[in-house]
Structures are given as C-alpha cells and as structure tokens.
Amino acid sequence: MEPRQAHQEGQVCFIKIIARDPECIQLLAVLCTDIQNGNIPSEAKPYLLASTLTALPKPENSLRPIAAGEVIYRITASRAVSQIAQKAADILLPHQYGVGVQGGCEIIVHDLQHTLEEQKTHEAAICIDFTNAFNTVHRSAFLTALRKQPDLQSLFRLADFAYAEPSPLLTRKSDNTVTCELNSEQGTRQGDPLSALLFSLAIDPIIRNALSPQLTVSCKAYMDDITLVGQPDQIIPVFERIQEGALSIGLKVQPTKCQFVYFHEQTHSLDCDVTTMLWNKGIPLRTEYAIILGAPIGKDNDAIAEAL
C-alpha cells in the first residue's frame, strides 16, 4: 500500500473508532461546529488545513495537483456544503450544473447532443477550457462572491477559515518522510469539499455579464467546464467577453484546448468570419464528433461510434 493511501485509510479508521463512542462523537460534533464557525485558535489552523499534495496524471503527460486535506476538516466542509446544496443550485442555475444538481454532467451531455444535431436550428457550441482553473482563480474573487449571497452565510466563516490565509501543502520524499516546502496561497484546493462551490461562485458573474438578452446564447457549465450554445456568429462575442472577464479573476483561457462544435454543413451559417476567428485563435473545429465532459457526442450514431 502506498504511504499516502495508508495515511488516508488511517484517518478513516480513526473516525470509525471515534464514532463507536457516544461521548467521543459528541466531542467531534463540537469540534466540527467550532471549525465551521471559525472558533479555532490560529495555532491549530495549520494542522487542520494541511493538505497532502498528490500529482495525478492527465493526458499529454501533464499533471493535476490534488490537495487532500485532513479528514476532520473534510467532514466539516462536506456537511456544511450538503446543508446549503439546494440554495447554491438555486443561485447558480440556469448556467451552472456542477453544484447541487444531481446528474448535472449527464444533463449537459444529453442536452448538447439533442441541440447540436437539430437540423432546423443549426446551432453550434464552443467549449471553454481554462489553464489550471481551480488553482489560479483569485481567492478574493470567490470570497467576495460568497459574501454577496446571504442564503449561504453559514459558509462565510468556514470559507474565511480555510482561505483567508495560506495553508501548508505536504509532500512526501523518496524516503517516505513528509515535508512542507509549499503553501497553498492561490485558488481553491482540489480535494476540498468547498472548492466546486467557491469556484462556481467566482465564475458566475463573469458568465452572466457575458450573456446578452439580445443574443439567443445559452450556457451550460459544469464547474470550470463551460459550454456556450447558440448561432455560430452569436457565441463568438460571448466567448470573447468571458475570456476577457475571466482574466480579472485570474483565469486564462487556453484556446487550443477549447473546441468549436458544429455538426451541420458549413454553408448553412458557419460563415467565413467565424472560421477565420477560429483559425486566428487556434480553436479546433469539430464537425463529426466531440468529447464533452468525458462523453462523446456526434452528428449521428456512426460519428458517436467513431468517437467511442
């Protein structure tokens, strides 16, 4: 067993043992309540917020840094988020399906498949990809966005506790000794139960400001995976407004990792200006199939089979 896995399983066993004793479980509940309310001495914060840094492999030989925090903090944060999940969904819908929406990923994929293959409307989609989104979004952006939502006030102190100051990132050396050479100072920690909500709150104003009542463009987002749907010439300016607005909160769009999806004959409505823009920005054009949120969609069953 890997040392990091052994550590995590040890934490789970620790909680299971505590849960067997009525007095201990009451004390754990008091501790979790104090953490959520921010009633914790500053000296204890590094021990509760320290996260073990794990590099998970991604395609193209890149890495995804995951910061898994201590189990007592994760219990507290998971419970706090579950209590306001429906309120968060009400705030973020109809654009965000990654928070408080059961089966949100599936909803987006099925909706895109239905919309993009419709022959009467000839709509297109542009999928937006950010560089290292969770780790680069400004903490001031999501803490400010959270404070603007009175219905989420039960999270105010917990979010400040977790993100108002840097927290240790623990790494393991080749000899299995643990060291702290890094601090988490920017973005949300992937592995934190708060991260999806906080990121979504930060990007939500950018999305809403980019959408215009004069344009029939809709947005389907699953946390940092944002897809715009509409007429090809209308989704381009919305994309550019999101690209510009995202910079204000520390997010940078990767055009070459984005994709423009259009399953119709280009003579219908994909004019020269659109194709020129895609070429200039380096955004790939998908005309047969696309992989969105890990699922294949296509212009017909043969195209989907090819994607699979």
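A residue counts as buried when its relative accessible area is under 20%, and because Thr115 has a relative accessibility of 15%, it falls in that class. The legends below describe close-up views of a predicted model.

View 1. Thr115 belongs to helix 6, which covers residues 104–116, and at 15% relative accessibility Thr115 is buried. When neighbours within four places in sequence are left aside, the contacts of Thr115 are with Thr121, Glu123 and Val229. Val229 is also a residue of the sheet shown in the next view, where Val229 in strand 7 stands opposite Ala125.

View 2. Strand 7 (residues 225–230) is largely enclosed by the rest of the structure, because five of its six residues are buried.

**View 3. The hairpin of strand 6 and strand 7.** These two strands run antiparallel and are connected by five bridges, and together they form a hairpin in which two residues lie between the strands. Met223, in the turn, has a positive phi of about 60°. Tyr222 has Asp225 in strand 7 as its bridge partner.

**View 4. The largest nonpolar core, around Phe130, Leu228 and Phe260.** This core holds 73 residues, of which Phe130, Leu228 and Phe260 touch the most other members. The element that gives the most to the core is helix 10, with ten residues. Not counting residues up to four places away in sequence, Leu228 touches several residues, including Ala124, Ala125, Ile126 and Ile128, as well as Val217, Ser218 and Cys219. Ile235, Val238, Phe239 and Ile242 are also among the residues that Leu228 touches. Another core, of 14 residues, lies apart from the largest one, and among its members are Leu112, Ala290, Ile292 and Ile297.

**View 5. The stacked pair of Phe134 and Phe199.** The structure holds two aromatic pairs, and in the pair shown here the ring centres of Phe134 and Phe199 are 4.8 Å apart, with the planes at 25°, so the pair is stacked. Phe134 lies in helix 7 (residues 133–136) and Phe199 in helix 10 (residues 195–210), so that the pair links distant parts of the chain, 65 residues apart. Both Phe134 and Phe199 are buried.

View 6. Phe142 and Tyr163 form an edge-to-face aromatic pair, with 5.3 Å from centre to centre and 80° between the planes. Because Phe142 is in helix 8 (residues 139–147) and Tyr163 in helix 9 (residues 156–163), the pair ties together parts that are 21 residues apart in sequence. Phe142 is buried with a relative accessible area of 0%, and Tyr163, at 2% relative accessibility, is buried as well. Arg189 lies over the face of Tyr163, at 4.5 Å from the ring centre.

View 7. Gln36 is part of helix 2 (residues 22–37) and, at 9% relative accessibility, counts as buried. Gln36 and Leu158 are 122 residues apart along the chain, while their C-alpha atoms are separated by 4.7 Å. With residues up to four places away in sequence not counted, Gln36 touches Thr76, Arg79, Ala80 and Gln83, and also Ser154, Arg157 and Leu158.

**View 8. The protein as a setting for the close-ups.** The secondary structure comprises 13 helices and eleven strands, and the C-alpha trace spans about 70 × 45 × 35 Å along its principal axes. Of the 308 residues, 44% count as buried, while the accessible surface comes to about 15900 Å², with 52% of it belonging to carbon and sulfur atoms. Among the contacts with a separation of 6 or more, 69% are accounted for by residues 24 or more positions apart.

Key: Residues numbered from 1 in each chain as written. Predicted model: local features only at pLDDT ≥ 70, side-chain atom pairs only at ≥ 80, totals over all residues. Heavy atoms only, no water. Phe/Tyr/Trp six-rings, centres within 6.5 Å; stacked < 30°, edge-to-face > 60°. Helix = DSSP H or I, 4+ residues; strand = E, 2+ residues; numbered from the N terminus. Buried < 20%, exposed > 50% of the residue type's maximum accessible area, 1.4 Å probe, protein only. Lys NZ or Arg CZ within 6 Å of the ring centre and 35° of its normal. Contact = heavy atoms within 4.5 Å. Areas by Shrake-Rupley, 256 points an atom, 1.4 Å probe, with all protein chains shown as cover. Core = buried A, V, L, I, M, F, W, Y, C linked by side-chain atoms within 4.5 Å. Pairing = 2+ DSSP bridges.
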